[in-house]
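Let's take a walk through a protein model together, one spot at a time.

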Amino acid sequence: MLIDTSRPILAVDTGTSFLSLALRADGEVRLYHENVGTRQSELILPQIRVLFEQAGIGASDLGGIVYAQGPGAFTGLRIGAGVVQGLATPFDTPVIGVPSLDAAAYLVPDCPCVLAATDARMGEVFYAWFDTQSHTRLGDYHVGKASEIVLPQGQTFGAGVGNAFALADKPPFDGIPSMPTAAYFLELALSGRYPAADAAHAELLYVRDKIALTAKEQAERKAKP
């Protein structure tokens with residue numbers, strides 16, 4: 001399945017406390033990127049409508065919709081995926097899921113060893129290693145304590161990126177706490193390296209088996225060195 005890149009393309013990222021939307025139409029990319037906290041479900045459709053009005057289009061005009069697959073905030077990701085499916089299904093619009101760590105990694109282009117790491121809450125981070133020069137992921141997506149992250153065998157550290165580097169317990173490597181906007185997800189989707197699918201197969205990427213810890217589990221985790 002292919003997206004029609006000659007038509008407008010919408011990108012949606014709701015994997016953090018930010019609501020990030022990007023619309024490419026007539027050669028211009030319009031961006032909405034705000035820290036809205038828990039108001040994503042309230043604001044996402046009105047803000048998409050604003051972008052549509054600015055570009056003079058409707059949902060039926062879209063040639064594809066890009067969405068953040070995660071890992072990230074469980075509720076936010078579900079909100080984004082639901083809206084994407086709702087916009088795409090009536091018009092058989094193709095959708096493309098882009099993993100959130102990939103989008104973060106490509107903030108550092110042409111680097112043979114990039115650590116992308118984001119806040120996973122509960123004292124953990126999501127992370128993966130990438131070679132953004134040859135467009136390769138150097139292993140699986142992981143979740144765990146930042147202090148436990150190790151360099152892939154045979155690699156020389158190049159750069160770190162992601163909001164995990166703003167945490168008190170940050171990864172043991174140098175990095176910048178930058179995060180991608182929806183425009184970066186859009187750019188990656190248009191690279192052709194991520195497959196398009198129909199709306200019914202808009203899947204999310206879950207790295208963590210459990211999305212919440214009990215009070216006892218949280219206390220036990222805090223007590224660990």
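D26 is exposed, with a relative accessible area of 79%; here "exposed" means over 50% relative accessible area, "buried" means under 20%, and "partly exposed" is in between, using a 1.4 Å probe and protein chains only. You'll find D26 in the loop between β2 and β3, where helices (H or I, at least four residues) and strands (E, at least two) are DSSP runs numbered from the N terminus. D26 also has a positive phi of about 55°, although it is not a glycine. D92 has a positive phi of about 55° too, and is not a glycine either. D92 sits in the loop between α2 and β5 and counts as exposed, at 63% relative accessibility. Why point these out? Most residues other than glycine have a negative phi, and most peptide bonds are trans. On the peptide bond side, G70 and P71 are joined by a cis bond, with omega about 5°. P71 is in the loop between β4 and α2.

A quick note on what you're looking at: this is a predicted model, where local features need pLDDT of at least 70, side-chain atom pairs count only at pLDDT 80 or more, and totals for chains, interfaces and linings use all residues. Residues are numbered from 1 along each chain as its sequence is written, and side-chain values use heavy atoms, with hydrogens and water left out.

Now zoom out. The domain assignment gives domain 1 (9-99 + 180-201) and domain 2 (101-176); such bounds come from an automatic or database domain assignment. The centres of domain 1 and domain 2, taken over C-alpha atoms, are 24 Å apart. Across the divide, 9 residues of domain 1 are in contact with 9 residues of domain 2, contact being heavy atoms within 4.5 Å.

Next, go inside. Which residues touch the most other members of the largest nonpolar core? They are L10, L21, L23, I48, F52 and I65, in a core of 29 residues. A nonpolar core is a set of buried Ala, Val, Leu, Ile, Met, Phe, Trp, Tyr and Cys residues joined through side-chain atoms within 4.5 Å. The elements giving two or more residues to this core are β1, β2, α1 (40-55), β4 and α2 (74-88). There is also a second, separate core of 17 residues, and I3, V66, F185 and L186 are among its members.

An α-helix has 3.6 residues a turn, so residues three or four places apart point the same way.

The whole structure has 4 aromatic pairs: rings of Phe, Tyr and Trp (its six-membered ring) pair if their centres lie within 6.5 Å, with planes under 30 degrees apart counting as stacked, over 60 as edge-to-face and the rest as tilted. F74 and Y206 make a tilted pair, 5.7 Å centre to centre with 35° between the planes. This pair links distant parts of the chain, 132 residues apart: F74 is in helix α2, and Y206 is in the loop between β11 (196-197) and α5 (215-223). F74 is partly exposed at 34% relative accessible area, and Y206 is partly exposed at 42%.

W129 and F157 pair edge-to-face, 6.2 Å centre to centre and 90° between the planes. W129 lies in strand β7 (residues 124-131) and F157 in the loop between β9 (142-144) and β10 (159-161), so the pair ties together parts 28 residues apart in sequence. W129 is buried, at 5% relative accessible area, while F157 is partly exposed, at 25%. Ring pairs link W129, F157 and F173 into a cluster. F173 is in the loop between β10 and α4 and counts as buried, at 18% relative accessibility.
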